[in-house]
Amino acid sequence: MIKNHAALKLYLDKQYHLYNKPDFILNDPISIPHRFSKLQDIEIIGFWTSVLAWGQRKTIINSANTLIQLMDNAPHDFIINYTENDLFRFSEFKHRTFNLTDTLYFLHYFKKFYSSHTSLEEAFLFEGFEMEETVENMLRNFHIQFFDDIDAPHRTRKHIPTPASKSTCKRINMFLRWMVREDTSGVDFGIWKKIKPKQLICPLDVHVERVARKLNLIERKQTDWLTALELTKNLSAFDVNDPVKYDFALFGTGVIEKNGMIF
């Protein structure tokens, strides 16, 4: 039972409405996929940007913009049509520990996937997925499917986490929030219709975790997949159909209001 439930809901709702608006996009990595309108472009660069989303937000955005330029400002068209000669242009691309080997495999995976699929959402799905309480097994399924290739480099696995390794899967959960959630604010895209918002898990970065612990939304001492589940379950007490909307409240409070909270 969450203490001060009514007061905490009022606070979280206020913070959610404060940050879930177009101004949020300007300095956030989600600004990158917002440059596109084509479904596949949004998916490709949205996924790739989320994978690169560690470190300073400015650096993340710069790296994503470099990728877009290398793909001729048309990610899906480039992915479908590139030849071996086109790959040399990526030789200098790097973002922290994400290097050329990882880049080439991402390009290979996307080319293979989109040759027979319309939407990246399909890579997460399996028979009976709609009955799942959360996306946990969808993330497991995606990880297996992503690396189901004899040429998949082992080092790239660290960039695509899975609940099977107890990871919080923060970046991929953020990507799913972008694709699945839909509201009137125009921040999240809501272009995936099969996975439901109520199945999402809250992205658990250091800022979200710090604020959530101060608000007693997390009791677990460790920081792992079970912690992300605990936070999301507690947030569902305030909105059972869209608990992850409070990611805006927690992240905004933690990053933008750096001096703490007023609750």
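Author: D102 is buried, at 0% relative accessibility. Buried means under 20% relative accessible area, exposed means over 50%, and partly exposed lies in between (1.4 Å probe, protein chains only). D102 forms a salt bridge with R155. The closest N and O atoms are 2.7 Å apart. This pair links distant parts of the chain, 53 residues apart. D102 sits in helix α6 (residues 100–114). R155 sits in the loop between α7 (136–146) and α8 (170–180). Helices are DSSP runs (H or I, at least four residues), numbered from the N terminus. R155 is partly exposed, with a relative accessible area of 28%.

A salt bridge here is a side-chain nitrogen of Lys or Arg within 4 Å of a carboxyl oxygen of Asp or Glu. The whole structure holds 16 of them.

This is a predicted model: local features need pLDDT of at least 70, side-chain atom pairs count only at pLDDT 80 or more, and totals for chains, interfaces and linings use all residues. Residues are numbered from 1 along each chain as its sequence is written, and side-chain values use heavy atoms, with hydrogens and water left out.

Now a second pair. D188 forms a salt bridge with R181, the closest N and O atoms being 2.7 Å apart. D188 is buried, at 4% relative accessibility. R181 is buried, with a relative accessible area of 1%. Salt bridges with shared partners join R177, R181, D183, D188, D242 and D247 into one network.

D86 forms a salt bridge with R89. Their closest N and O atoms are 3.5 Å apart. D86 is partly exposed, at 22% relative accessible area. R89 is partly exposed, at 33%.

Notes: Helices (H or I, at least four residues) and strands (E, at least two) are DSSP runs, numbered from the N terminus.
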